[in-house]
Each structure stands twice: as structure tokens, then as C-alpha cells.
Amino acid sequence: MLVIAHLSDTHLDSHPRSAERTARVMDHLHGLPRQVDAILITGDIADHGEVAEYETAAKLFDSPLPVMVCPGNHDVRDAYRKGLLGDDRGGTGPINARHDVAGAVFLLADSSVPGADDGHLDDETMAWLADELGSVPAGTPTFIALHHPPVVLHHPVIDPMRLLPADPLAELVAAHPQVVAVLTGHFHTAAASTFAGRPLRIAPGVVSTLRMPWEGEGPLTTQTQPPGVAFHVYDDAGLFTTHYRVVV
């Protein structure tokens, strides 16, 4: 049985609040009686894309467990590389990464668009995904993770900033039956849907929670809710299940 802890949208900045909430979630995961197999963090690591914010993230994400991270629309690739990945050379190209964990493959794709909030997978990233999926043996459970959800989630502000176009990714997922699920962030609220016939799971936000249109008027997000985490379970029978928890 594979258990993945999935969090997103830490938005680390100079204010101690975001760091405290992130530390609270990490401490909770480290204190579980049964350790998860890995921790997945799907973007918007920093709030302003500054090197110092990523240096804070590197300290907070330090763990005896495998930690897998991808960028979001608030992230800046050059500073991300320098402060979080420890790559002094920096660089502005997409940050894509493959992780092999406990017999499963995780493909973390960079859906960020420099200078914009929109989600997009450029030609380089799509080619990388196709090559990686083509190299994974049949029957190996594979997960695709990115920041931007590829479907409408019924919020008038966030939906225009989803992954567009989503059809190329859908075609790729549909062509590879070993893809178990697509895992994203960006939405700042726990959500579940389907994409290309596979489960789509969106992690809750660490820094804040999105207010849905039917929940009344007010700010776009609320900071009164505790941070959340998703636990994804893939069992020996091939069943994929998600449990959402708040961390008080």
C-alpha cells in the first residue's frame, strides 16, 4: 500500500504566519504513527518568488521522507532553483522532475507561465511527459502532478486560471493506462473530480482556503480555516482513495 501526503500553496513570505502553518503540517506528517511514503507539494511555494522565501521553504521541507515539489504561478523559476534546489546557476526553463517512490512513478510537470497566473504546459514539458510516460513499464503505477487543475471547478475567479489548453494532457493521459491519477493544487480548497477518465485530486491550501460562490460574500480566500492535507492511498488491489484532513 502506497500512502502519499499531498499539500499545496504554502505561499511562504516574510510573515511568520505562512511559515508557522507550513511547519504545523510538516510536524503533523512527521509525527504520524505510520509514516507516509512521500510528501508531494504542488506549487506556489513562495508568495513573491524571492530567493529568501525558497531558502525558508528548503528548511521547512527538510524531511527524512522523500519530498517532491513542483512550481506554481507565484513561483519564479530562477529563484526557485537557487533557493530551493540549491542550484546557483539558476535558469528560467521549466522545472520538471521524475521521482520513483516505493514502486510508483511521479512525474511533476511545470505548468507555470512566467509573469502570469495562467496554467500551461509548453512544448518542452509535453515532450518530457511523453518521453517519461513512454519509458515507464506497463503496470507501473504512475501519477502526474502539476499546479493548475485541468478542469473547471466552478469558481469564476480561479477557473480562468486553470490549465489551458487541457486537451493535449488529456490525450497523453488517456494513451497511458498506467497513469493512476492527476494531482494538483492552486485551488486552495480540497476538491475531487475526473480528468481523461482518471481521478483528479486537488490539495487544500496551506496558507488559506478559497471561498466558493455559494458560501457567501467576502474575501476571495479566508484565513480562519486551518491548513489542510490530502492523503492519497493506492492499494495492492489498484484502488485509489483520498482522505482529506485539517491540521489544527
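Ring pairs join F106, F143, Y234 and F240 into a cluster, where rings of Phe, Tyr and Trp (its six-membered ring) count as a pair if their centres lie within 6.5 Å, and are called stacked when the planes are under 30 degrees apart, edge-to-face when over 60 and tilted for the rest. The model is predicted, with local features requiring pLDDT of at least 70 and side-chain atom pairs counting only at pLDDT 80 or more, while totals for chains, interfaces and linings use all residues. Residues are numbered from 1 along each chain as its sequence is written, and side-chain values use heavy atoms, with hydrogens and water left out.

A search of the whole structure gives 4 aromatic pairs. One of them is formed by F143 and Y234, which stand edge-to-face at 6.1 Å centre to centre with 90° between the planes. Because F143 belongs to strand β6 (residues 142–145) and Y234 to strand β12, this pair ties together parts that are 91 residues apart in sequence; strands here are DSSP runs of E with at least two residues, numbered from the N terminus. F143 is buried, its relative accessible area being 3%, where buried means under 20% with a 1.4 Å probe and protein chains only. The rings of F143 and F240 have centres 5.9 Å apart and planes at 45°, so this pair is tilted. It links F143 in strand β6 with F240 in strand β13 (residues 240–246), 97 residues apart, and F240 is also buried, with a relative accessible area of 12%.

On a 1 Å grid over the protein atoms alone, a cavity is a set of points where a 1.4 Å probe fits but cannot get out, a pocket is an open set with protein on both sides within 12 Å along at least five of seven lines, and lining residues have an atom within 4 Å of a point. The search finds 1 cavity of 30 Å³ or more, and the largest cavity has a volume of about 40 Å³, volume being the space filled by probe spheres set on the points, which are joined across faces, edges and corners. Its lining includes F106, F143, Y234 and F240, together with L2, I4, L183, H232 and V233. Strand β12 (228–234) gives the most to this lining, with 3 residues.

The largest pocket holds about 340 Å³, and of its 22 lining residues H11, H74, H188, S208 and T221 are the closest to its centre.

Definitions and conventions
Helix = DSSP H or I, 4+ residues; strand = E, 2+ residues; numbered from the N terminus. Buried < 20%, exposed > 50% of the residue type's maximum accessible area, 1.4 Å probe, protein only.
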